[in-house]
4 protein chains.
Amino acid sequence: MAAGSTFGKIFRITTWGESHGQGTGVVVDGCPAGLNLTEGDIQTFLDRRRPGVSGYSSGRKEEDKIKILSGIFEGVTTGAPISMMVENTGHQSGDYSALKDLYRPGHADYTYEMKYGIRDFRGGGRASGRETLGRVAGGAIAVKVLEEMGIGIYAYTTSIGPVTVNREHLSLETRDQNPLYMPDPRAAEEASAYLKECRKRGDSAGGVAECMITGLPAGLGDPVFDKLSASLGQAILSIGGVKGFEIGDGFSAARSAGSVNNDEFYRDGHQVKKKTNHAGGLLGGISDGSEVIFRAAFKPVPSIAAVQRTVDSNGAEREVSISGRHDPVIVPRAVVVLETMAACVVLDSLLLNMSSRLDRILDFYRD
Amino acid sequence: MAAGSTFGKIFRITTWGESHGQGTGVVVDGCPAGLNLTEGDIQTFLDRRRPGVSGYSSGRKEEDKIKILSGIFEGVTTGAPISMMVENTGHQSGDYSALKDLYRPGHADYTYEMKYGIRDFRGGGRASGRETLGRVAGGAIAVKVLEEMGIGIYAYTTSIGPVTVNREHLSLETRDQNPLYMPDPRAAEEASAYLKECRKRGDSAGGVAECMITGLPAGLGDPVFDKLSASLGQAILSIGGVKGFEIGDGFSAARSAGSVNNDEFYRDGHQVKKKTNHAGGLLGGISDGSEVIFRAAFKPVPSIAAVQRTVDSNGAEREVSISGRHDPVIVPRAVVVLETMAACVVLDSLLLNMSSRLDRILDFYRD
Amino acid sequence: MAAGSTFGKIFRITTWGESHGQGTGVVVDGCPAGLNLTEGDIQTFLDRRRPGVSGYSSGRKEEDKIKILSGIFEGVTTGAPISMMVENTGHQSGDYSALKDLYRPGHADYTYEMKYGIRDFRGGGRASGRETLGRVAGGAIAVKVLEEMGIGIYAYTTSIGPVTVNREHLSLETRDQNPLYMPDPRAAEEASAYLKECRKRGDSAGGVAECMITGLPAGLGDPVFDKLSASLGQAILSIGGVKGFEIGDGFSAARSAGSVNNDEFYRDGHQVKKKTNHAGGLLGGISDGSEVIFRAAFKPVPSIAAVQRTVDSNGAEREVSISGRHDPVIVPRAVVVLETMAACVVLDSLLLNMSSRLDRILDFYRD
Amino acid sequence: MAAGSTFGKIFRITTWGESHGQGTGVVVDGCPAGLNLTEGDIQTFLDRRRPGVSGYSSGRKEEDKIKILSGIFEGVTTGAPISMMVENTGHQSGDYSALKDLYRPGHADYTYEMKYGIRDFRGGGRASGRETLGRVAGGAIAVKVLEEMGIGIYAYTTSIGPVTVNREHLSLETRDQNPLYMPDPRAAEEASAYLKECRKRGDSAGGVAECMITGLPAGLGDPVFDKLSASLGQAILSIGGVKGFEIGDGFSAARSAGSVNNDEFYRDGHQVKKKTNHAGGLLGGISDGSEVIFRAAFKPVPSIAAVQRTVDSNGAEREVSISGRHDPVIVPRAVVVLETMAACVVLDSLLLNMSSRLDRILDFYRD
């Protein structure tokens, strides 16, 4: 939708808040009535994106305590919009005055100023990573609805800088055993060493995260412009720092051949299944009943201590070194953002899909 | 929008048509009044996506002659919706009866049937490549508006199967000298040889196309969910066969370091410019005034002559060999689809951006 | 949606066409798959809005023959967009050249020119009554879906100029026995005499039509901005010439008292019912299971033979007398427009309503 | 938009909050950057809709103190979403437990329960009049932007029950001299007496409010479905208790003749003007440069002390008398809701209209 702060068609989230305003929040509209929901359900997700939980992440220690302001009655959703917010507490506005006029390289300072003619320079304003708080809180509700339907969403880091997980060692249970959310302990160690070195140099790293969605029925997504691949793409590419997105074999498929890339169908009891899943669970952009798999490429964190050259809003050439509590990599904290954004898309597609067939509609309204 | 056939917010295209229906078309709503527009303007774009123009493409020889049905008065757009259509002429419905019950691997047969309970099995129905006719016709109008504003959009093939253009030899003027739209004659020859071999084996290839947008002002795109990267992503990932999308350095950026990937700002006269363009022209998802560059990965064409195993809608296991006039690669024909879809996104962002600043709005309405 | 030619959220119609272009049409997106549909189903509705069927209507004798161009396979909807069009045949462009520069009083000539800077002056262009062709064709499909669900929509003329039906004589079966669609034969005769007199004076009349929707389940419509009353209001007020809209007792309710206007609930077997229906079937904007009743006020047809003073686009003062084949009243032809627009709103609300409750969603996806 | 809590296309408000939740609020997205905005600007509007300011209104004395949580930097809008909220303070949840199972006549209790299967019975939940807080706060910003453009919006009560203002005595300056916002002191006195009598009987009244918009340029609104009349209609009919809406002469126009109802154009210097304004400022649904005038009919307040018969959710027949602090009429408090909703529609139409003409777009982007 125009202006950019709303996402979704039936299940819709509208986020608000800057890095250094009063707070950050989200309004969730279109959540089905009858879901048990507590602040704790949401907090679990926020805690996973919180800075300061590991040595690799920003030292800013905010509580990020969620409050639900509306839409719940006696612990259950009522169909009314669910407003949630987190108060901003951990910041000091003074931190950023030195950056007031500067266009930090790799940041949105310059582009926001060109667009709006004014810019909240404190901590990136609306372009701050804190913006994801609202997405995660809203998407946590979608995850909860999906769980009731037997649908699981699971993301993890597959590479940081040059370090990539070994798919033969991949073991999803190990993801939560390291602060990088890498499901391969050996790779996690290497990546950890690499990040220490980055930090020492005043530098930062990028990386890739992968997301797997299980339990989806076939038939989700709409033809042409609203393919599930396109909606997931918009959702994921809207996350700060994401520069690439791929489904299934993605860019590798471009080097493959039809005879290899096509997944053969076979019968398993009454079910139609695929022998392989190069397609990543989508054919014609519509779910085929196998696992949906996608990946997102994150650029290196732009806030680095190393000296960079830039200009300020008066046109003067300047040097900048961004000190302070910054993550050397964003991917581990973004894993939960991937999961929750994917959940929003998938839930929306499930709700939209209810009206695809006349016979099912007639059944629904026949008591 | 729900149901999937409409794209855009102010400049909006709604496409319709199946492979083997009466025709295929598009309604363009929100085109500014006052644009000179002829059928010839549109036809030029359609001719570039037409099958049968080269030995590499499908032999189906359709005229794909566009008709403008509304929205033009004395050669000029009036602000009313522009309806355009192409009649289907080149097909014989009999062609497809053998495939009636089959779920072709890599195609949307199975997923459409799961979604709708019914399927127009002739030539892929709505999931056919013919669907892109409507996009291209609609987007051709966007391209024409952008030309008036000094904005250019230019796409080309950068790889086919394992063959990739050599960026040191890249010369955009050579793009149109080969039917693969590859701006590197040597790579084009290699790719051509590779495709012949594919065809001989009854196989097909994938590939990558790149698109460059020049002349964009800074400030386009909206924060958070409607970043230009996200809108372009949705637009491009909605094209049939696209499995990956990246902006600027994309997946490579994930392996880079902040000190390298950040583009330094400098002053050029009164203008702020960037020394490099790893970002692909977008910072915080908003255009920064440099060239916007993105790439799309296409999977290998799923229709292959080689024998594949599959099942039919009765659950029986079957073998299938898809004979007939099929492209061994889709990328060259998709180049114009990339350009026109990108044009839709960019024009829409220009129109939306007009309301970002109060002072500009006041100026606009002050005569 | 922006630009104005699309209506609806899940069941969506996009109309196109001017009075004197190549034709007029509609693309229906989001129609559930599995509906039997023929051109005859649509034609029946178009015939009811056709000019020239009675002495009271315009003499322009167009065939208005509908063609379905897509979305149907073997007589059944496939879920793909249904494109339909009517070719323009009955007009001569020469008719209108005398009006080229004139701003006809009561018409949209002036406002379109201010908005777009250009105007298709032939027959009102996009602001012509022919624009309703697309709505009626699209809405006819909605009516057909609703019929399958046991929902009926029935509109009729309740007043023409000063002549109003007597509610005590009202007999809906008599509606189709007179060309004014008035369900009171005596009032129809009076109105007919009144219109003859209008025509003699070179004048025209307005009127009111009422619409009744039966068989709706309780619970349709969404709170706050998407109340069913608001959506019906938008749909009906978007019809050319409509200047007023009311639900249930409408403006009369404003003069009533709470003790009278409140409808008491009572029990009828297992059902909750209302003793009266001052509310017109909506409480809090959501359907309550009783009949939905609304009315639309149409202004007098602005095209009159009597001499009027006006200006032209050069600022010169002019006189104008609009001769030719014009209806002295639009209401009888608009009755079918009311029905089909209401059908679009109601069907959309039924589809949207499927996702209001978690338990029903879980049931839907549990096989 | 689906789910109902968002209104607008470019300037968009998303409201949340129930009568007895933590608070009520709104997120405004798409507000142009560069507007000076304080909490005081908003508070002025909220104070006008506050209950308890007069003997005629509910005794519930809430402060309704607005807090701006985001989107403002150094007193100026930044283009980021503006989140605002009012904490709920004046209620005691115990008040409503007696009504827990009852379907109050004229209220949305029954319809919400049918839709959602659950209902926040405290004070009407989401269907409460408190829902308008969010609209008014959001619309107040639109009013402020319009003021900068020289556009004024002014609403007032024209009737309460059977008492109607005398248009010959109408004097808008007197509106604020009585708590009924009636611009005719004599009518205000009569209405006041009528309301006292209503209250004595335990009954309530309806009424009509009128709204006038001045200073609009010609050309606002979009053809066909997004006529300004249709958008205003949706906006106004979405306000709780509104059962009718009319533009210009409205329902009276239906009894008029074309020769009377058509407004003649004439020249005034370089401007085209109309001699009369039966049209209420809209031709073909697009603004014609004269004042836009519309009216809304409100039903009598459904909460009355007089005994009514109804049923409860167990199907038992019950009697109900709604005691407590309820307005005998809603119209005076709704006047500010009309103004702010109209402001949202008008501002949105101004922003959308910027892209209607190619030449103006080219001018805009040419520096």
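This is a predicted model: local features need pLDDT of at least 70, side-chain atom pairs count only at pLDDT 80 or more; totals for chains, interfaces and linings use all residues.
Symmetry first. A rotation of 180° does it, with 0.0 Å of shift along the axis. The RMSD of that superposition is 0.0 Å. The two copies are thus related as by a two-fold rotation axis.

What about the surfaces they use? Of the interface residues of chain B, 100% are also interface residues in chain A, so the copies meet through the same surface.

Now to chain B and chain D. How many residues does each bring to the contact? Chain B gives 24 residues, and chain D gives 24 residues. Between them, about 2200 Å² is buried. Carbon and sulfur atoms give 76% of that area. On the chain B side, three residues lose the most area to chain D: Met354(B), Leu358(B) and Tyr365(B). Together they make up 31% of what that side buries.

Next, the polar side of the interface. Salt bridges between chain B and chain D: zero. Polar contacts are there, though. Eight residue pairs make them across this interface, both partners at pLDDT 80 or more.

Which helices of chain B supply at least two residues each to the side that touches chain D? They are α3 (132–148), α8 (331–353) and α9 (358–365). The largest share comes from α9(B), with six residues.

Last, composition. The side of chain B that touches chain D holds 17 nonpolar residues, four polar and three charged.

Notes: Residues are numbered from 1 along each chain as its sequence is written. Chains are lettered from A and ligands numbered from 1 in the order in which they are written. Side-chain values use heavy atoms; hydrogens and water are left out. Copies are superposed by least squares on the C-alpha atoms of residues with pLDDT of at least 70 in both. Contact means heavy atoms within 4.5 Å. Buried area is the accessible area (1.4 Å probe) that two parts lose on being put together, summed over both. A salt bridge is a side-chain nitrogen of Lys or Arg within 4 Å of a carboxyl oxygen of Asp or Glu. A polar contact is a pair of N or O atoms within 3.5 Å; within protein, one must be able to donate a hydrogen and the other to accept it, and residues adjacent in sequence count only if both atoms are side-chain atoms. Helices (H or I, at least four residues) and strands (E, at least two) are DSSP runs, numbered from the N terminus. Ala, Val, Leu, Ile, Met, Phe, Trp, Tyr, Cys and Pro count as nonpolar, Asp, Glu, Lys and Arg as charged, and the others, Gly among them, as polar.
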